[in-house]
Amino acid sequence: MERKVAIIGARISGLIACKYSLSKGFHPIVFEAQSSIGGVWSKTIESTKLQTPKELYQFSDFPWPSSVTDDFPNQHQVFDYIQAYAHHFDLLEYIKFNNKVVGIEYHGASEAELQSWSLWGGTGEPFSSTRKWKVHVQDTETLSTEIYEVDFVILCLGKFSGMPNIPDFPTNKGPEAFHGKVIHSMEYAAMDYETAAQFIKGKKVTVVGFQKSALDIAMECATANGVENPCTVLYRTEYWTVTDYFPWGISLAKLYLNTCVALLSRLHSTLNRFSELLIHKPGEGFLLSLLATMLSPVRWCLSKLVESHFRRRLPLAKFGMEPKESFFEHLNFCLIPTIPEKFYDKVEEGSIRLKKAPSFSFCKDGVVIDGNEAAPIETDLVILATGFRGDKKLKGIFVSQTFQDCIFGTPKAAVPLYRECIHPRIPQLAVIGLSESVANLYTSEMRCRWLAELLDGKFNLPRIMEMEKDAEKWDAFWKQYSGGYSRKSCIAAIHIWYNDQLCKDMGWNPKRKKGFFAELFEPYGPMDYVAP
């Protein structure tokens, strides 16, 4: 019997999930609310480029075309690459565009039964002959609704689109008090380039935020308006920002965490196994734990070495932009954006103004930094580059209040997903793309391959309590190195270790290199996982 797999979202992770579902003989149905694939890459800010070197951001079985020579391709090149992947594997015919999933319901088991299970789904199997998901789908053009019954659901909702994160403000101190315009960066990115250019032209713009979108928008505003109408950037926290991934001609990843051998060899790519020996890892044994403790001074020294490079490269001290946390903490939580070229030149000339604002509010003429007695920042336009609420979007997809409550666990813990994919208490469902890494495409592909093997019966999941204990170990790891970001899950610093767990589950050899020294010192990337 053909198994139906609902995939919600035709972003990169949704396309990969579709491809690997097909490879196992399942029937995928991909629901996409928009009219195009690619998620954020289908429409974004004109100056946006890939933050990750393309050799890390590629499909293992579909490399970048030779015509793309830049290490950091622009948005058009990235979108063309994603489209080429979808066409190459004939994925478009399985996608229902302009179909928004408004809710999913699990049928066939009572809440009492769900709570009594010791195995995922009651049997430990990914499918059931009697229990199904009902997917409620709305056609965004006709507004008609249809219900699909499927055997499994894969949520590929994306963290960086859909539901904007809008700060809360006291009564009469929010956007309603301001006589100018307030939008989210999502709305700015949705404009065509000419409209966006006219929208900011001749205006005093305040951008709220200091991650990638905020920096790109600030540069566009500064370029358009110069010192006559400077762009003000309000930020809450200073972050280490990366000017490039190859300081001194050497990969930043290896400069930070790799060995002197890797430094001298100038191998450029991602982290290697030796780098991960410097870090305590979830589920590690006594010897690895002891080694990580002994090597922690090396980790500290390398972090300081990278920090010293960027202090020399960028005028951080001059503009009060030196972070309080270490480079390691920010790397470990995927909080290091790539700064646009000549950003601090714009700050130096006065076309960009940096203002620290732990909190702010609105007044008639602009923005007021709370606790600052200075005059308000006069503004015509405020763009909130404050991120997205991927958690609310994920929670809101469930009709069941029980699933809504359990999907996020406790308020002080990361989402309790086994292998960052499976919630032990939610049967016949997987989540792809919630946890971050240094290269989300690379990570999503490994997760989709792992999930495809699970659905194909190649391995079984542990008991529910064992999966929950494993998730707790990963949460403890994030808390240990979080620097205060305890609910954010990011595998950037232990990518290979994470992939090792997936490989072991699938019955693959986790060691992908030839020879002891190659395994220890050579960097890992997508092409190391082309074949089992």
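This is a predicted model: local features need pLDDT of at least 70, side-chain atom pairs count only at pLDDT 80 or more; totals for chains, interfaces and linings use all residues.
The largest nonpolar core of this structure has 118 residues, and those with the most contacts inside it are Phe343 and Trp450. Helix α15, which spans residues 440-455, gives the largest share of this core, namely nine residues.

**Nonpolar cores**

- Leaving aside residues up to four places away in sequence, Phe343 touches Phe210, Leu215, Ala218, Met219, Ile352 and Leu354.

**Strand β10 and its burial**

- Strand β10, made up of residues 231-235, is mostly covered, since five of its five residues are buried.
- The cover extends to both faces of β10, with Cys231, Val233 and Tyr235 buried on one side and Thr232 and Leu234 buried on the other.

**Partners of β10**

- Strand β9, residues 205-208, runs parallel to β10 and is joined to β10 by three bridges; within this pairing, Val207 stands opposite Val233 of β10.
- Strand β11, residues 352-356, also runs parallel to β10, and five bridges join the two strands; here the bridge partner of Leu234 is Lys355 in β11.

- Together with helix α6, which covers residues 212-225, the strands β9 and β10 make a right-handed β-α-β unit.
- Among the residues that Phe343 touches are Leu215, Ala218 and Met219, and these positions fall within the span of α6, residues 212-225.

Notes:
Residues are numbered from 1 along each chain as its sequence is written. Side-chain values use heavy atoms; hydrogens and water are left out. A nonpolar core is a set of buried Ala, Val, Leu, Ile, Met, Phe, Trp, Tyr and Cys residues joined through side-chain atoms within 4.5 Å. Buried means under 20% relative accessible area, exposed over 50%, partly exposed in between (1.4 Å probe, protein chains only). Helices (H or I, at least four residues) and strands (E, at least two) are DSSP runs, numbered from the N terminus. Contact means heavy atoms within 4.5 Å. Two strands pair if DSSP finds at least two bridges between them. A crossover is right-handed if, with the strands pointing away from the viewer, the path from the first strand over the helix to the second runs clockwise.
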